[in-house]
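Q: Hi, I'd like to go through this model with you. Could you walk me through the contacts step by step?

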Amino acid sequence: MKLKGRAHKFGNDVNTDYIISGRYKFKTLDMRELAKHVMEDLDPNFYKKIKKGDFIVAGRNFGCGSSREQAPLAIKYAKISGIIAKSFARIFYRNAINIGLPVMECNTDRIKEGDELEVDLEEGIIYNKSRKKKIKFKPLSRFMIEILKDGGLAAHFKKYGTFKL
Amino acid sequence: MGLTITEKILAAHAGKKRVEPGEFIEAKVDIALGNDITAPLAIEEFRKSGVKKVFDRSKVVLVPDHFTPNKDAPSAQQAKILRDFAKEQNLKYYFDVGRMGIEHALLPEQGIVGPGDLIIGADSHTCTYGALGAFSAGVGSTDLAAVMITGKLWFKVPETIRFIYRGKLNKWVSGKDLILYTIGDIGVDGALYKTMEFTGEAVSSLSMDSRFSMCNMAIEAGAKSGIIAPDKITLEYAKKHCSLFQPKADPPLADTVHCSLPTSDPDANYCEIRKYDCSKIEPQVALPHLPSNTKPVSEVGNIPLDQVVIGSCTNGRMEDLRIAAKVLKGRKIPSYIRLIIIPATQNIYLQAVKEGLTEIFLEAGGVVSTPTCGPCLGGHMGVLAEGEKALATTNRNFKGRMGHPKSEVYLSNPAIAAASALKGRIAHPAKI
């Protein structure tokens, strides 16, 4: 799986309330509507800046807080192709894989706002085109890549009738 | 090499002799929980799958506790999705207003979860049940849907950090203070992806209520689960609560509540061991805007408050209400402070009435609400205005958590909360 897009940078401990505020989270199950408010409390214009395929690039513990799947779903429906962070909160990480949103863990210090990135999920390589630098990350497990390729756990399960670890 | 209690429980549910940290497993789930925020999405996924019936009507538990009694039409709509689904699937464990409690206080009380179980819940504080010696982890709605369909889920076996709490607890110090102190020490990502195993004589001396509040906040250090090996206190609790429920149990309760007593082997593999001397720990307060931003209450300084909340899945249990009442008895809070007390379950509420605790709270000038998660997540029943400060016995103090993005939340145990309500600023009960 290969992904391409620009980097939008955020800091450490971006919690699920910042990703999609509780003001909207409980009001609707329409993810396209929720997506318009993604990261709003950190950057009110964020949704408008996104071009299809862009990445969120962050520091440590991205997605900490609640277990609500609305958080990764809002990001996915905002047309973000993946999240690159130093580390992820585990429920968020799990939810992201389960809904088919790629998540990559590596040192993100050398990625700057607006950098053009190309990601190879199987190889575990991020190529920073703007800086002509390669960054390695621990490739996702085969099982997780299968889920991502199938578009999430629900579709994966429907296809095989088992988790197919 | 021996196994940790967590590895043993996971291995048993994966049908294996042993599992290693980092290994992916498919494991059977004993209980799967959803609430009025997370279950609607799971039910939608369940419907999409084309499957007609949940894998076991006695193992899927739905508790509408976040926005109930419903605060507005959209939240009523969400709760209705649960109610309709529970009826349609003839779920054994569905708790509506009047029987409802905050899920993580309710499930142990009702004997639905017990030692040795593997529990998942679409709520981050599902880690609470680790206090019973169960493996219990928060997941998302898709995971919940997968379990509703199959009764199984994939897990990555976590590494375990062992925490050893030595010595005797100081007066006014509870499980809440131990966990706040620990999160202050290791940080909000200090146990990321890992299990926190709480051990030592100070933990053994804790009541079940205190153990629940400790395991409840493992997620605030990023942990997958928190766990305390079952002992005499656990077993007494499990026996009492499981037997209460047994007459109604169908199929026999042994199916869901194992009441086995798994423990870690002496040569179990821990990725880290941390030791604390409890004689040096005083009641803790977490300052805005992270649960790791902790200080001993004596070092917090003068923080005037607008509101105090005593309740939540962390601290809305009997022990919490009793200690708050002990501090508040015969006293009145100042005019410009709001004290909101929320017993975590209907049974706790009733017991508080019988023991005369509600009378103490009302006479002190507090309000007592029916069980709800309400204010903890800025939902209802005590949302903060711009610039307001609250001290709460809840678990998270992120920016805007209890209302306006420019409001502030401080976290503490119920004794500190009660004393602070009386003083109108953060205060130690010994100073009342």
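Q: How much area is buried between chain B and chain A?
A: Chain B and chain A bury about 3600 Å² between them, with carbon and sulfur atoms giving 61% of that area. Buried area here is the accessible area (1.4 Å probe) that two parts lose on being put together, summed over both. Before we go on: this is a predicted model, where local features need pLDDT of at least 70 and side-chain atom pairs count only at pLDDT 80 or more, while totals for chains, interfaces and linings use all residues. Residues are numbered from 1 along each chain as its sequence is written, chains are lettered from A and ligands numbered from 1 in the order in which they are written, and side-chain values use heavy atoms, leaving out hydrogens and water.

Q: Thanks! Which residues of chain B lose the most area to chain A?
A: Those are B:Leu41, B:Trp154 and B:Tyr193, which together make up 20% of what that side buries.

Q: And how many residues are in contact?
A: On the chain B side 48 residues touch 41 residues of chain A, with contact meaning heavy atoms within 4.5 Å.

Q: How many salt bridges across that interface?
A: Three are found between chain B and chain A. A salt bridge is a side-chain nitrogen of Lys or Arg within 4 Å of a carboxyl oxygen of Asp or Glu. A:Arg94 forms a salt bridge with B:Asp143, where the closest N and O atoms are 2.8 Å apart.

Q: What ring does the charged end of A:Arg94 sit over?
A: The ring of B:Phe155, with the charged end 5.4 Å from the ring centre. The rule wants NZ of Lys or CZ of Arg within 6 Å of the ring centre and within 35 degrees of the ring normal. A:Lys164 also lies over a ring face, that of A:Tyr160, at 4.5 Å from the ring centre.

Q: Switching to ring-ring pairs, how many aromatic pairs are there over all chains?
A: The count is 18. Rings of Phe, Tyr and Trp (its six-membered ring) pair if their centres lie within 6.5 Å; planes under 30 degrees apart count as stacked, over 60 as edge-to-face and the rest as tilted. A:Phe62 and A:Phe88 make an edge-to-face pair, 6.1 Å centre to centre with 75 degrees between the planes.

Q: Where do A:Phe62 and A:Phe88 lie in the chain?
A: A:Phe62 is in the loop between strand 2 (55–58) and helix 5 (70–77) of chain A, and A:Phe88 is in the loop between strand 3 (82–85) and helix 6 (90–99) of chain A, 26 residues apart. Helices (H or I, at least four residues) and strands (E, at least two) are DSSP runs, numbered from the N terminus.

Q: Buried or exposed, those two?
A: A:Phe62 and A:Phe88 are buried. Buried means under 20% relative accessible area, exposed over 50%, and partly exposed in between (1.4 Å probe, protein chains only).

Q: Why is the pair of A:Tyr93 and B:Tyr193 edge-to-face?
A: Their ring centres are 6.1 Å apart and the planes stand at 75 degrees, so the pair is edge-to-face. A:Tyr93 lies in helix 6 of chain A and B:Tyr193 in the loop between helix 6 (175–186) and strand 9 (195–199) of chain B, so this pair joins two chains. A:Tyr93 counts as buried at 16% relative accessibility, whereas B:Tyr193 is partly exposed at 29%. One aromatic cluster takes in A:Phe62, A:Phe88, A:Phe92, A:Tyr93 and B:Tyr193.

Q: Nice. How is chain B divided into domains?
A: Into domain 1 (5–276) and domain 2 (282–431), with bounds from an automatic or database domain assignment. The centres of these two domains of chain B, taken over C-alpha atoms, are separated by 24 Å. Domain 1 of chain B has 41 residues in contact with 41 residues of domain 2 of chain B, and the two bury about 3300 Å² between them, 61% of it on carbon and sulfur atoms.

Q: How many salt bridges across that domain interface?
A: The rule finds one between domain 1 and domain 2 of chain B.

Q: What about B:Glu220, which residue does it form a salt bridge with?
A: B:Arg396, with the closest N and O atoms 3.0 Å apart. B:Glu220 is buried at 4% relative accessibility, and B:Arg396 is buried at 1%.
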